[in-house]
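Try each task yourself before reading its solution.

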Amino acid sequence: MKTRPALAPLPQRSLSWAGFTLLEMVITLVLMGVLAAYVGPKALDTSAVQLDAQAKVLASDLQRAQMLATTRGQTVLVCASATGYTVQLGGSCPTPLPTQPSTTQPVVVSLAPHASLVAPLPSLSYANNGQPNSAASFKLQASSGVATYTVSVAALSGLVSVSAP
């Protein structure tokens, strides 16, 4: 039986050929810097995510206001300003809006510093059967103006929907 000859050792490269050249390293670092300058600010800007969360909280509070109207059998008002909104039982919308909840204002919400409600601000009330007085549309906008979310309430059913930019 014939045996196979041992494999010849591979020729070793000289150390001068190992690694990257300085030019390759500089080009790689420049490309990484350009990419970081482009992606970095977008990755660190969380205002769009926070604005989305704020819109969902507003939608949830509007649904709770409707449920509060039906369970208590009373009119529930949603009063809005540029910096926040309240949900209260009956009465009229206070000016300026309070910052702390009380027995007549079960929900007082201040918007995040980067968000605001855009005029015209709707006046919304839910009757004791949960039906809103009219259709309403709340526009939330980031202070940077990058994103705008709209929270809408349907006129007859009170269905709340959030539309993204």
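**Exercise 1.** Find which residues Thr86 touches, leaving out residues up to four places away in sequence.

*Solution.* This is a predicted model, so we read the contacts from its computed atoms. Start by locating Thr86: this residue lies in strand 2, which covers residues 84-89. Next, list its partners: Thr86 touches Leu77, Val78, Cys79, Leu97, Pro98, Val107 and Val108.

**Exercise 2.** Decide whether Thr86 is buried or exposed.

*Solution.* Buried means under 20% relative accessible area. Thr86 has a relative accessible area of 0%, so this residue is buried.

**Exercise 3.** Work out how Asp52 and Lys56 are paired, and how they are placed along their helix.

*Solution.* First recall that side chains of opposite charge can pair when their charged atoms come close. Then check the distance: a salt bridge needs nitrogen and oxygen within 4 Å, and for Asp52 and Lys56 the N to O value is 3.3 Å, a salt bridge. Now look at helix 2 (residues 47-72): the two residues are about one helical turn apart because they are 4 residues apart there. Finally, Asp52 is partly exposed, at 22% relative accessible area.

**Exercise 4.** Describe the salt bridge between Arg64 and Asp61, and say whether each residue is buried or partly exposed.

*Solution.* The N to O distance in this salt bridge is 2.7 Å. Both residues lie in helix 2, 3 residues apart, about one turn of the helix. Arg64 is partly exposed at 47% relative accessibility, whereas Asp61 is buried at 7%. To finish, the count of salt bridges comes to 2.

Definitions and conventions:
Residues are numbered from 1 along each chain as its sequence is written. This is a predicted model: local features need pLDDT of at least 70, side-chain atom pairs count only at pLDDT 80 or more; totals for chains, interfaces and linings use all residues. Side-chain values use heavy atoms; hydrogens and water are left out. A salt bridge is a side-chain nitrogen of Lys or Arg within 4 Å of a carboxyl oxygen of Asp or Glu. Buried means under 20% relative accessible area, exposed over 50%, partly exposed in between (1.4 Å probe, protein chains only). Contact means heavy atoms within 4.5 Å.
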